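Please open the structure in a viewer and keep the sequence beside it.

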Amino acid sequence: MKIKRFKIAYVLVALALSFGACKKEAPNIYNMFNDVSVSFKGDHPFSVVDYKQVNDGDSVYIDFTINSAKDDMSAVCIRREGQETPVLQIPIPDGADKRSYSGVYKLKATRAGENKYRVYALNKQAQYIGDGYKFVVFNVTPGFTLIANRRVYLPDTTAKVQPCYYSVKLGQSFSYQNGKDVSADIDFGVYRTQDLTGTNSNATGGYFYHLYSLSANPLFFDINDISTWTKRTTLFSNQLSETNVFNNNLTSSSAIETTALTKTINLTETARAPGNAIRPGSVVYFKTPEGKYGAIHFKQITADLQGKVFCSINVKVQN
């Protein structure tokens, strides 16, 4: 029995040694591309050498030199981390020095938060040959406020306690009962009209949803008497199906303004044609009386556990 155990143990040890002899070390990414070096210079007030805090809309310079010790470089690329493709690819022409390249990439800081950039080289086969394991980071102060997951209910006509009015400044919805004292800050309310055909694809649950300013004249939704309220003159665009724009493009105060300026923002009520009805995924751009731009994303139109219908909204607005 002891002999049998010894044989089994011997076989296991032999197999382990055999596998160990066949084992190959996987390439280590941290020493595969040591032939390329990158340095960042700070010769200009806008330059980023390693890390820098900047304001929204500031100019940023990435002033670099990249060298390749062994391979000729066919192109130099600049990539923002988080993007698959480079923001800039610079071909190195024949006759130029293909072992060293210096350049300055200039951009505006329009994406709030940390932005990390790398400079790397490609060889003549368009293969990555290194970035010197270096990068620069600049952090952009946002300059805007995001308020997420607020509820704006449909108005109730009896108790009038449903929070059916919304204030961008206060980031809160108010009912008819408690809205008068803050009416100077209320930007809009919501209501709905029935799809009489019952077949319109722009309807949500058989209804068309509308946004309106208290300053609308005529005031189409006039069930609540707001004659003594302050009428804030926020202006709106019609609804646009731009969820991805809201999430991915409105990334700073300047980006919000740049995008909003491409829209027509002149309404005190979204147009009542079915195609302008607010639906889940709708975005409505606005401009406050103070001149600040923003956008409202209608994330969802649904009902709570008591069956009360509300719009779930996200709001971005310049500070």
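In which helix is Thr-259 found? Select Thr-259 and the helix around it: this residue is found in helix H5. Helices here are DSSP runs of H or I with at least four residues, strands are runs of E with at least two, and both are numbered from the N terminus. The model is predicted, so local features need pLDDT of at least 70 and side-chain atom pairs count only at pLDDT 80 or more, while totals for chains, interfaces and linings use all residues. Residues are numbered from 1 along each chain as its sequence is written, and side-chain values use heavy atoms, with hydrogens and water left out.

**First stop: helix H5**

With a relative accessible area of 15%, Thr-259 is buried. The term buried means under 20% relative accessible area, exposed means over 50%, and partly exposed lies in between (1.4 Å probe, protein chains only). Next, display the contacts of Thr-259, where contact means heavy atoms within 4.5 Å. Beyond its neighbours within four places in sequence, Thr-259 touches Val-245, Leu-250 and Tyr-285. For a distance, pick the C-alpha atoms of Thr-259 and Phe-246: these residues are 13 apart along the chain, and the atoms are separated by 9.7 Å.

Now extend the selection to residues 253–260, the whole of H5, whose buried residues are Ser-253, Ala-255, Ile-256, Thr-259 and Ala-260. They lie on the same side of H5, because they cover an arc of only 165° around the axis, the arc being that of the directions from the helix axis to the C-beta atoms. An α-helix has 3.6 residues a turn, so residues three or four places apart point the same way.

**Second stop: strand S4**

Select Val-76, which is found in strand S4 (residues 75–80). Is Val-76 buried or exposed? Val-76 is buried, with a relative accessible area of 0%. Leaving aside neighbours within four places in sequence, its contacts include Phe-64, Ile-66, Leu-88, Ile-90, Tyr-101 and Val-119. Between Val-76 and Leu-88, twelve residues apart in sequence, the C-alpha to C-alpha distance is 8.3 Å.

Most residues other than glycine have a negative phi, and most peptide bonds are trans. Select Ala-126, in the loop between strand S7 (113–122) and strand S8 (128–130). Ala-126 is not a glycine, yet has a positive phi of about 65°; at 56% relative accessibility, this residue counts as exposed. Move on to Tyr-133, in the loop between S8 and strand S9 (136–140). Tyr-133 has a positive phi of about 55°, although it is not a glycine, and counts as partly exposed at 31% relative accessibility.

Finally, select Asn-217 and Pro-218, which are joined by a cis peptide bond with omega of about 10°. Pro-218 lies in the loop between strand S14 (207–212) and strand S15 (235–236).

**Last stop: the whole chain**

Zoom out to show the five helices and 19 strands of the protein. The C-alpha trace spans about 90 × 75 × 35 Å along its principal axes. Of the 319 residues, 43% count as buried. Among contacts with a separation of 6 or more, 62% are between residues 24 or more positions apart.
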